Amino acid sequence: MTDSVAIVLVSGGLDSMISAALAREAGYRLYALSFDYNQRHHIELAAARRVAAALGAERHIVMPMDLRAFGGSALTADIDVPKDGVGDDIPVTYVPARNTIFLSLALGWAEASGARDIYIGVNALDYSGYPDCRPEFIEGFEKLAELATKAGVEGAPFRIRAPLQHMTKADIVREGTRLGLDMGLSWSCYDPAPGGLHCGLCDSCRLRAKGFEEAGIPDPTQYAAHP
C-alpha cells in the first residue's frame, strides 16, 4: 500500500475505469487525466467525469487539444465507423499516435506533481490491432520517460502501469465486478445512437458485449442494436 499519487488516464471507457480502480486499490491517490481532442463525440467525456468522481479522484483535468486538425481516423475525421465486425488489421478507429500523445502529457503532469506512476488501460489481447496498446510500446515509453525527464536522469524513474495488458475483456469485466464498480458509468461506443445508446455494432461495442457475455455477468449497457 502507498499514499503516493498516481496519474490515471480516464477516457470514460471500461478499461480505463478498471485500470484507475486498480490504482486506487493499490493505495494510490488519483489524479485523473482525460482529453477533449475534438473526437467524434463527447459522451465519453461525460462518462470520464462520472468515473473520476466515482473513484474519488482528488483532481481531474480534461485537457483540450484538436487532433481533428490532423485527421487520419474515423474518430477525428469524416470517415465512417465500421460496423461489420472486429477484424485482424489495424482499424480506421486507430487515432495516429494517440497513446503516445496522451502518455506524454500524463508524463508532464507526473513530473510536475511528483508522481512516479502512470496508469493506462491498454489491452493487447482484445485490441491487438492497435500498435500503441502492445507491451513493447509500454516498455518503450517507460524507457523514453527515463531519458526525457529531469526526474528520470536524476534517478527517479517513472513507471507506466498497464494492469489490463494481458487480460481478455471477460477478465476485465470480472475484475470490475470484484472491485464492486458500477460499470454502467463507463462508455465504450465509437458512434453513439440516438437517445444516448451504444450503437451495439462498432468494434468497441462488440468487444464490450462479448466481455460481459463471456464473463457471465449482466451487461448494464443499453444498445441500439445487437450484433
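Trainee: Why is Y94 called partly exposed?

Mentor: Y94 has a relative accessibility of 22%. Buried means under 20% relative accessible area and exposed means over 50%, with partly exposed in between (1.4 Å probe, protein chains only), so Y94 counts as partly exposed. Keep in mind that this is a predicted model, where local features need pLDDT of at least 70, side-chain atom pairs count only at pLDDT 80 or more, and totals for chains, interfaces and linings use all residues. Residues are numbered from 1 along each chain as its sequence is written, and side-chain values use heavy atoms, with hydrogens and water left out.

Trainee: And Y130, what makes that residue buried or exposed?

Mentor: Y130 comes out at 8% relative accessibility, so Y130 counts as buried.

Trainee: How do you know which kind of aromatic pair Y94 and Y130 form?

Mentor: Rings of Phe, Tyr and Trp (its six-membered ring) pair if their centres lie within 6.5 Å; planes under 30 degrees apart count as stacked, over 60 as edge-to-face and the rest as tilted. Y94 and Y130 are 6.3 Å centre to centre with 35 degrees between the planes, a tilted pair. The two tyrosines are 36 residues apart, Y94 in the loop between β3 (59-64) and α3 (98-113) and Y130 in the loop between β4 (117-119) and α4 (135-148). Helices (H or I, at least four residues) and strands (E, at least two) are DSSP runs, numbered from the N terminus.

Trainee: Why is the pair of F137 and F141 called tilted?

Mentor: Their ring centres are 6.3 Å apart and their planes stand at 50 degrees, so this pair is tilted. Both residues lie in helix α4, four residues apart, about one turn of the helix.

Trainee: What makes α1 oblique to α6?

Mentor: Helix α1 (residues 14-25) and helix α6 (residues 169-178) pack at about 45 degrees, with their axes 10 Å apart. Axes are lines fitted to C-alpha atoms, for helices over the stretch in contact, and angles run from 0 to 180 degrees between N-to-C directions. Angles under 35 degrees count as roughly parallel, over 145 as roughly antiparallel, 65 to 115 as roughly perpendicular and the rest as oblique, so α1 is oblique to α6.
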